[in-house]
Amino acid sequence: MRMKKNNFIAVFAAAVITMMFAIYAAFIFAPEEQTMGVVQRIFYFHIALAWVPYLAFLVVCIASIFYLTKRETKWDRLAMGSAEIGVVFDTLVLITGPFWARVAWGYYWTWEPRLTTSLIVWLLYIAYILLRRSVGEPDRRARFAAVFGIVAFVSVPINFMTIRWWRTIHPLILKSTGMELSANMRVAMFASIIAFTVLYVLFLQLRVAVDNSNEELEKLKDEIGS
């Protein structure tokens, strides 16, 4: 499953364009929030960064199910690549969040439901990556990782629903009555979500392509050696 050059160029171009618009929307198009000032603009990127791990870990779950049913290596590679990218984005969520929280709530971290479950999700997928590296035999490693990837995904909807199930300091953005954001703020938020989603797709293409190239290289070495 090689990455087609035209597909890569198209996704790369889309990533550049959407990211440039997201930066413009967040720092220029959206108005400055009266209470928090310029620091509030972190919100647009923080929300987008938080969305990507949800998507990435969903891909891990789906790819793991396909691997267990079809036993095709491409699904295992997709799960691994998506997990790694999801962890990177999730790490950025845990880094950017406290800066916003310090201004909004007066402290960087507190053990409330959303923050606590966010840390648990991050730790679970760190464990997923470590599990893959601790098992040497490829088929056995892929099976263990697939089962773990499916089970670990249970933490994702729990993390999403914490602000609806329990009392939390996190604001509820999506309500039945709509969003408590101005029209320009909504544009900035969705622009960032789209931009980071495209960036995730680009990174996933590259990550899977690296694995495919490594496999082809190993096959070539075996052919030369034999």
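Predicted model: local features only at pLDDT ≥ 70, side-chain atom pairs only at ≥ 80, totals over all residues.
Residues are numbered from 1 along each chain as its sequence is written, and side-chain values use heavy atoms, with hydrogens and water left out.

The chain contains 7 helices and 2 strands; helices (H or I, at least four residues) and strands (E, at least two) are DSSP runs, numbered from the N terminus. Read from the N terminus, the order of elements is α-α-α-α-α-α-β-β-α. Along the principal axes, the C-alpha atoms of the chain fill a box of roughly 70 × 40 × 30 Å. Of the 226 residues in the chain, 41% are buried, where buried denotes a relative accessible area under 20%, exposed over 50% and partly exposed in between (1.4 Å probe, protein chains only). Among contacts in the chain with a separation of 6 or more, 76% are made by residues 24 or more positions apart; contact means heavy atoms within 4.5 Å.

Helix α1 comprises the 25 residues 5-29. The buried residues of α1 are Val 11, Ala 15, Thr 18, Met 19, Ala 22, Ala 25 and Ala 26. An α-helix has 3.6 residues a turn, so residues three or four places apart point the same way.

Ala 26, in helix α1, is buried, with a relative accessible area of 0%. Apart from residues up to four places away in sequence, Ala 26 touches Arg 41, Tyr 44, Phe 45 and Ala 188. Ser 192 belongs to helix α7 (residues 183-225) and is buried, with a relative accessible area of 0%. When neighbours within four places in sequence are set aside, the contacts of Ser 192 are Ala 22, Tyr 44, Phe 45 and Ala 48. Arg 186 is likewise placed in helix α7, but is partly exposed, with a relative accessible area of 30%. The C-alpha atom of Arg 186 is 27 Å from that of Ser 82, 104 residues apart along the chain.

Two packed helices are described by the angle between their axes and the distance between the axes. Axes are lines fitted to C-alpha atoms, for helices over the stretch in contact, and angles run from 0 to 180 degrees between N-to-C directions. Angles under 35 degrees count as roughly parallel, over 145 as roughly antiparallel, 65 to 115 as roughly perpendicular and the rest as oblique.

Helix α4 (residues 113-134) packs against helix α2 (residues 42-70) at an angle of about 40°, with the axes 13 Å apart; α2 and α4 are therefore oblique to each other. In this contact, Tyr 54, Phe 57 and Val 60 of α2 meet Arg 114, Val 121, Tyr 125 and Tyr 128 of α4. By class, the residues of this contact are 6 nonpolar, no polar and 1 charged; Ala, Val, Leu, Ile, Met, Phe, Trp, Tyr, Cys and Pro count as nonpolar, Asp, Glu, Lys and Arg as charged, and the others, Gly among them, as polar.

The axes of α4 and helix α5 (residues 138-152) come within 9 Å and cross at roughly 175°, and the two helices are therefore roughly antiparallel. Residues of α4 in this contact include Leu 124, Tyr 128 and Leu 131, and those of α5 include Phe 144, Phe 148 and Gly 149. The contact of α4 with α5 divides into 9 nonpolar, 1 polar and 2 charged residues.

With helix α6 (residues 155-165), α4 packs at an angle of about 165°, the axes being 9 Å apart; α4 and α6 are therefore roughly antiparallel. Among the residues that meet are Pro 113, Thr 117 and Val 121 in α4, and Val 156, Phe 160 and Ile 163 in α6. This contact of α4 with α6 has 7 nonpolar, 5 polar and 1 charged residues.

Backbone geometry was considered at Arg 71. Most residues other than glycine have a negative phi, and most peptide bonds are trans. Arg 71, although not a glycine, has a positive phi of about 55°. Arg 71 lies in the loop between α2 and α3 (73-105) and is partly exposed, with a relative accessible area of 45%. The C-alpha atoms of Arg 71 and Ala 26, 45 residues apart along the chain, are separated by 44 Å.

Terms used. Expected span 1.5 Å × (residues − 1).
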